[in-house]
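Please keep the sequence and the model in view while reading.

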Amino acid sequence: MQWLIQHPEFLENNLYIGGQSYSGIPVPMVVQHLYDNREGGGSPPLNLKLRGYVLGNPITDIHIDRNARIPFAHGFALISNRLYQSAKANCNGDYVNANASGQQCELKVIKMEELLRHINSEHILEPSCRVNLTRGENSTLQRSLMENPTEFLSRLGETPYYCLNEMFLLSEIWANDRDVREALHVREGTKGQWKRCNRTTLAFTKVVNSTVAYHRNLSMTGLRALIFSGDHDMIASYVGTQQWINSLNLTLDDDWRAWYTDGQVSGYTESYINGDFALTHATVKGAGHVTAAYKPKQCYAMAKRWFAYYQL
């Protein structure tokens with residue numbers, strides 16, 4: 001709100017709120033707040049042109065997302081059908097609260113978790129890689145990049161296995177560069193070391209475990225929503241995403257079908273409506289968590305079509 005007050009030239013633009021991963025928790029709440037206060041409360045009122053929201057690989061309901069790991073893993077042959085069917089019967093389909101279903105359920109869940117222990121949850125086909133670096137390691141990498149960028153980039157793939165996380169290091173090196181921070185007008189002293197995923201120093205308390213109710217409220221509006229999933233993401237799998245979307249009881253408008261980029265299948269999509277509300281769910285074939293990191297071209301095509309009100 002404050003940013004738009006300071007930059008009123010953007011008020012005429014259509015406004016969409018978006019995010020990925022854990023943004024699936026705050027974004028629906030922010031959209032609900034903006035929708036309820038879309039005139040802005042200022043003088044004169046802002047009259048926001050709020051049109052919808054976009055969420056990629058969204059964490060939406062902690063129980064649903066965690067529980068969906070098991071049927072997802074079974075579907076990709078990471079868990080045997082015999083073990084899955086036995087666990088499903090003993091746990092009544094609830095693998096998160098296994099202790100409530102008795103010892104047999106607990107034993108089955110322990111065995112399934114052991115099978116998944118060395119699987120990269122962000123992308124089940126990728127090797128497990130270390131992401132977090134110490135400040136000293138990051139400084140060494142930054143110095144190496146600054147002194148000989150060509151050699152640095154050429155050596156990224158020299159490890160015994162290629163890790164996409166290696167490329168994520170570049171974003172931290174770039175964002176913490178003094179010249180970049182000056183160009184982005186980051187005020188001195190307002191932000192220390194920038195981290196791609198800051199799980200340790202942010203001062204907040206998690207009190208919301210599900211935003212399904214917010215999605216249900218928003219489905220009563222005239223907004224649009226694009227929800228997309230990497231089909232190899234086990235953190236916020238398409239299985240769980242489909243489950244909470246189905247719980248909204250929307251009307252199916254466009255049944256499950258393939259969507260394409262350059263004549264090739266890029267994933268699958270389905271669309272729902274509820275009055276003037278419209279929700280599109282899409283999977284991106286071969287992508288993980290987060291989707292755009294693995295399939296940027298396909299994600300760009302998907303977003304461009306959706307924002308232009310075209311079918312995927």
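The sections below treat a strand, a group of rings, the salt bridges and two further sites.

## Basis of the report

The structure is a predicted model. Every value in the following sections was computed from that model.

## The enclosed strand β3

Strand β3 covers residues 224-230. Of its 7 residues, 7 are buried, so the strand is largely enclosed by the rest of the structure. In a regular strand, side chains alternate between the two faces of the sheet. In β3, R224, L226, F228 and G230 point one way, while A225, I227 and S229 point the other way. The residues of both sets are buried.

Two strands are paired with β3 in the lines of contact described here. Strand β2, residues 50-56, runs parallel to β3 and is joined to it by 5 bridges. Within this pairing, L55 has I227 of β3 as its bridge partner. Strand β6, residues 277-284, also runs parallel to β3, and 7 bridges join the two. Here the bridge partner of F228 is A282 in β6.

## An aromatic cluster

The structure holds 7 aromatic pairs. One of them is formed by Y16 and W306, whose rings are 5.5 Å apart centre to centre, with 65° between the planes, an edge-to-face arrangement. Y16 belongs to strand β1 (residues 15-20) and W306 to helix α14 (residues 296-307), so this pair ties together parts that are 290 residues apart in sequence. Both partners are buried: Y16 has a relative accessibility of 18%, and W306 has a relative accessible area of 3%.

Y16 also pairs with F307. Their ring centres are 4.9 Å apart and their planes stand at 80°, so this pair is edge-to-face as well. It links distant parts of the chain, with Y16 in strand β1 and F307 in helix α14, 291 residues apart. F307 is partly exposed, at a relative accessible area of 39%. Together, Y16, W306 and F307 form one aromatic cluster.

## A charge over two rings

R224 lies over the face of W306, at 3.9 Å from the ring centre. The charged end of R224 also sits over the ring of Y309, 3.8 Å from the centre of that ring.

## Salt bridges

Side chains of opposite charge can pair when their charged atoms come close. The count for this structure comes to 5 salt bridges. One of these joins the side chains of K49 and E12, with 3.1 Å from N to O. K49 lies in the loop between α2 (26-36) and β2, and E12 in the loop between α1 (2-6) and β1, so the pair ties together parts that are 37 residues apart in sequence. K49 is partly exposed, with a relative accessible area of 27%, whereas E12 is exposed, at 58%.

Another salt bridge is formed by E113 and R69, whose closest N and O atoms are 3.0 Å apart. E113 lies in helix α6 (residues 103-116) and R69 in helix α4 (residues 69-75), so parts that are 44 residues apart in sequence are tied together. E113 is partly exposed, at 32% relative accessibility, while R69 is buried, with a relative accessible area of 16%. D262 and K297 also form a salt bridge, with their closest N and O atoms 2.4 Å apart. This pair links distant parts of the chain, 35 residues apart: D262 in the loop between β4 and β5 (264-274), and K297 in helix α14. D262 is exposed, with a relative accessible area of 59%.

## Two further sites

A nonpolar patch on the surface is formed by W174, L184 and V186, which together have about 300 Å² of accessible area. W174 is placed in helix α9, residues 165-175.

R257 is found in strand β4, residues 251-261. This residue is partly exposed, with a relative accessible area of 24%. The C-alpha atoms of R257 and Y268 are separated by 5.4 Å, and the two residues are 11 residues apart along the chain.

How values were computed. Residues numbered from 1 in each chain as written. Predicted model: local features only at pLDDT ≥ 70, side-chain atom pairs only at ≥ 80, totals over all residues. Heavy atoms only, no water. Patch = residues over 30% accessible without salt bridge, like charges linked within 9 Å, V, L, I, M, F, W, Y side chains within 5 Å. Areas by Shrake-Rupley, 256 points an atom, 1.4 Å probe, with all protein chains shown as cover. Salt bridge = Lys/Arg side-chain N within 4 Å of Asp/Glu carboxyl O. Helix = DSSP H or I, 4+ residues; strand = E, 2+ residues; numbered from the N terminus. Buried < 20%, exposed > 50% of the residue type's maximum accessible area, 1.4 Å probe, protein only. Pairing = 2+ DSSP bridges. Phe/Tyr/Trp six-rings, centres within 6.5 Å; stacked < 30°, edge-to-face > 60°. Lys NZ or Arg CZ within 6 Å of the ring centre and 35° of its normal.
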